[in-house]
Amino acid sequence: DLSTAQFAVAQTPGRFGTAASYSAQRDGATFLVARHGVLLAEQYTAGNAETRWPIGMGTRTFLSLLAASLVEDRLMTLDEPVALTLGDWGADPVKSTISIRVLLSGVSGLRFERNSPQDVATAIALQPQGAPGSNFSDDAATYVIFTEIARRKLEARGREPDPARYLTSRT
């Protein structure tokens, strides 16, 4: 538990510099190294330890619970094509090959351009950057698209269409 951890003397930048740079280059918000409860290094690309991030940054972990709930309620399968729900994708030779499993595993090739809108319409219109399955990217586009898939599936079955409310009531 780092909240009660002793803090180590600040480490020289070189010790973890390569790893911290790697994190920053990939838009990491925080780089933190702790060992045996002792904080060895920390670096923030924007703000500091007290900076609060929009709740959306923390909700990604709930998508696995949402996906599992949708599967258990027989509203989807992980291996079904995304195009089954996002019909326009069926006409695209690359997007039509993307399954929900590929989307959720971060290898769909879909990601928002830097400083572009991060809304549903923009996410659905994205073209994969590379062949699906070839590169991992933990990008918000995946989560925006999956949330829209969940919303459409819930609405089509006459269920509460808000994925957060569905998950809250379900669990």
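Contact here means heavy atoms within 4.5 Å. By that criterion, residues 24 or more positions apart supply 57% of the protein chain's contacts with a separation of 6 or more. The model is predicted: local features need pLDDT of at least 70, side-chain atom pairs count only at pLDDT 80 or more, and totals for chains, interfaces and linings use all residues. Residues are numbered from 1 along each chain as its sequence is written, and side-chain values use heavy atoms, with hydrogens and water left out.

**Confidence**

- pLDDT is the predictor's confidence in each residue, on a scale from 0 to 100.
- Its mean over the protein chain is 86, and 87% of the residues reach 70 or more.
- Confidence is lowest in helix H1 (residues 13-25), with a mean of 81. It is highest in helix H4 (residues 120-125), at 96.
- Where pLDDT is low, the predicted coordinates should not be read in detail.

**Fold and burial**

- Helices (H or I, at least four residues) and strands (E, at least two) are DSSP runs, numbered from the N terminus.
- The protein chain has six helices and two strands. Along the sequence they follow the pattern α-β-β-α-α-α-α-α.
- Buried means under 20% relative accessible area, exposed over 50%, and partly exposed in between (1.4 Å probe, protein chains only).
- Of the 171 residues in the protein chain, 33% count as buried.

**Nonpolar cores**

- A nonpolar core is a set of buried Ala, Val, Leu, Ile, Met, Phe, Trp, Tyr and Cys residues joined through side-chain atoms within 4.5 Å.
- The largest such core has 29 residues. Leu66, Leu70, Val82, Trp89, Leu103, Ile145 and Phe146 have the most contacts inside it.
- Helices H2 (63-72), H3 (100-104), H4, H5 (140-156) and H6 (163-170) each give two or more residues to this core.
- H5 contributes the largest share, nine residues.
- Apart from it lies another core, of six residues, including Ala20, Phe31, Val33 and Leu40.
- In soluble globular proteins, nonpolar side chains tend to be buried together.

**Ile145**

- Ile145 sits in helix H5. Its relative accessibility is 0%, so Ile145 counts as buried.
- Not counting residues up to four places away in sequence, Ile145 touches Leu86, Trp89, Leu103, Leu110, Ala123 and Ile124.
- Ile145 and Asp119 are 26 residues apart along the chain. Their C-alpha atoms are separated by 9.0 Å.

**Asp139**

- Asp139 is in the loop between H4 and H5.
- Asp139 is buried yet has no salt bridge. A salt bridge is a side-chain nitrogen of Lys or Arg within 4 Å of a carboxyl oxygen of Asp or Glu.
- The nearest side chain of opposite charge is that of Arg111, 6.1 Å away. For charge, Lys and Arg count as positive and Asp and Glu as negative; His and the chain ends are not counted.
- The Asp139 side chain reaches the backbone nitrogen of Ala141 at 2.9 Å.
- Leaving aside neighbours within four places in sequence, Asp139 is in contact with Arg60, Leu110, Arg111 and Phe112.

**Salt bridges**

- A search of the whole structure finds eight salt bridges.
- Arg170 and Glu72 form one of them, at 2.5 Å from N to O. Arg170 lies in helix H6 and Glu72 in helix H2, so the pair ties together parts that are 98 residues apart in sequence.
- Arg170 is partly exposed at 26% relative accessibility, whereas Glu72 is exposed at 58%.
- Asp79 and Arg101 meet in a salt bridge at 2.7 Å, N to O. Asp79 is in the loop between H2 and H3 and Arg101 is in helix H3, so this pair links parts 22 residues apart in sequence.
- Asp79 is exposed, with a relative accessible area of 52%. Arg101 is partly exposed at 42%.
- Arg151 pairs with Glu148 in a salt bridge, with the closest N and O atoms 2.7 Å apart. The two residues are three apart in helix H5, which means a separation of about one helical turn.
- Arg151 is partly exposed, with a relative accessible area of 27%. Glu148 is buried at 8% relative accessibility.

Definitions and conventions:
Polar contact = N/O pair within 3.5 Å; in protein donor to acceptor, adjacent residues only side chain to side chain.
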